[in-house]
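Open the structure in your viewer and get ready to select a few helices. Here is a short tour, one stop at a time.

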Number of protein chains: 2
Amino acid sequence: MAVRRDVRRSLTAAALDLFLAQGFDETTVDQIAEAAGVARRTFFRHFRVKEDAIFPDHDAVLREIVGHLEAASPLVPPLTAVTEAALMVVDTYATDPETSVKRYELTRRVPSLREHEIGATSRYQRAFTAFLNERDGADEPRRLRHEVISAAVVTTHNHVLRAWLRGGGTGDVRAELTEALSGILAGLQPWLDDRDRPREVEDDVLIVVTRRGTPLWKIAQEIEAAG
Amino acid sequence: MAVRRDVRRSLTAAALDLFLAQGFDETTVDQIAEAAGVARRTFFRHFRVKEDAIFPDHDAVLREIVGHLEAASPLVPPLTAVTEAALMVVDTYATDPETSVKRYELTRRVPSLREHEIGATSRYQRAFTAFLNERDGADEPRRLRHEVISAAVVTTHNHVLRAWLRGGGTGDVRAELTEALSGILAGLQPWLDDRDRPREVEDDVLIVVTRRGTPLWKIAQEIEAAG
């Protein structure tokens, strides 16, 4: 497994260097395989097409993220779970800044690669929306708000990531994204807070009035806020 | 000009019907031209490739929108100008519901057409961001907020448009979008309102304390609110 992963990484590095040096269209799979010191068929064991060689394995990341969201405790506020998921995405870039910066250079030059990246982004966005619909309710205008929140998270992710890549991949992109998301989501949190609120009666007694079916994490949040 | 526009519309109608009936890949430009009763070269006077035939002229719409935004008075709140621009986009679908619904059917079946549509959407989003940066200031975290607002507008546009298309293109999509945007943007408006505020001193005297360079529409808004 470790060996396969190393081969994959060598192929990615070779592909990136060749694409940047001689152009994407001008580079063949044979040249990439040769530069990585493996056979042509080894390339196709890891990637279907040339484009795939330079991107993080978005399908695998998406599966991880969906798993993370589905496993999130009902006591965790949904926006916290989504923030964690966005950090998991940025981690796939942060673990190898050099490759990420080269890939960014390349996607700026080759439109088809840029589209590949935009497509991946929209899949993450849909996963966030599906999660929010499931945890927070899927009626209107809640559905629209969940879509907007997911778009806001992905937009913020891309904004922070782009700035980091333009700066050569130095600095703590994870910390920057955490801060930026907390600013943006603080503005959107009220959209998830507009249900029945608990009412305090006495100092030591807290009566929580809430709708049947209200998610547990909301009740917990209200109790904490009231306490 | 009117004739050219009619030819264009016939070609679009013919292309849509053929794509839906026999498949996108299976349809040739010659077949489309024949069905529209024009020569092959006429097709290429209107469209570069097969894909272009079925989409609204996004480049022309984008030029109109940028023109509208640039012409907006500095007294118009930026979010109002952006809302109007989003309504201009939805109008391009609302003027011909039948074509819009067929095109939607088709983009759901053919991934490459869906990507074309997503690409157009992201160009509108960038135009909104550029306008907000110009009118509201381009420092951080303002830039990020402008990007998120633009993503929210485009997401809301697509959400309302999709619901309308799924419903067969009946109902007033413009009114629905106006209402949805006003709900979403009311939540985001505070991001554009957090500068120095004017302070009232006496009943009949209004002293506006504001930063040099504050946009006129903001001062006007504050004066109106204070009065």
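Is the crossing of α5(A) and α7(A) left-handed or right-handed? It is right-handed. Keep in mind throughout that this is a predicted model.

**Stop 1: two helices in chain A**

Select residues 78–94 of chain A for helix α5, then residues 111–136 of chain A for helix α7. The two pack at an angle of about 160 degrees, and their axes are 10 Å apart. That angle makes α5(A) roughly antiparallel to α7(A).

Now show the side chains. From α5(A), pick A:Pro78, A:Ala81, A:Val82, A:Ala85 and A:Val89. They meet A:Tyr124, A:Phe128, A:Phe131, A:Leu132, A:Arg135 and A:Asp136 in α7(A). By class, this contact of α5(A) with α7(A) has nine nonpolar residues, two charged ones and no polar ones.

**Stop 2: two helices in chain B**

Move to chain B and select α5, residues 78–94.

On α5(B), look for residues including B:Leu79, B:Leu87 and B:Asp91. On α9(B), their partners in the contact include B:Val173, B:Arg174 and B:Leu185. The contact of α5(B) with α9(B) divides into nine nonpolar, two polar and two charged residues.

**Stop 3: where the chains touch**

Show both chains together. The contact takes 20 residues from chain B and 20 residues from chain A. The chain B side divides into 11 nonpolar, seven polar and two charged residues.

How values were computed: Residues numbered from 1 in each chain as written. Chains lettered and ligands numbered in written order. Predicted model: local features only at pLDDT ≥ 70, side-chain atom pairs only at ≥ 80, totals over all residues. Axes fitted to C-alpha atoms, helices over the stretch in contact; angles between N-to-C directions. Helix = DSSP H or I, 4+ residues; strand = E, 2+ residues; numbered from the N terminus. Parallel < 35°, antiparallel > 145°, perpendicular 65-115°, else oblique. Left-handed = near helix turned anticlockwise from the far one by under 90°. Contact = placed C-beta atoms within 7 Å. Nonpolar A, V, L, I, M, F, W, Y, C, P; charged D, E, K, R; others polar.
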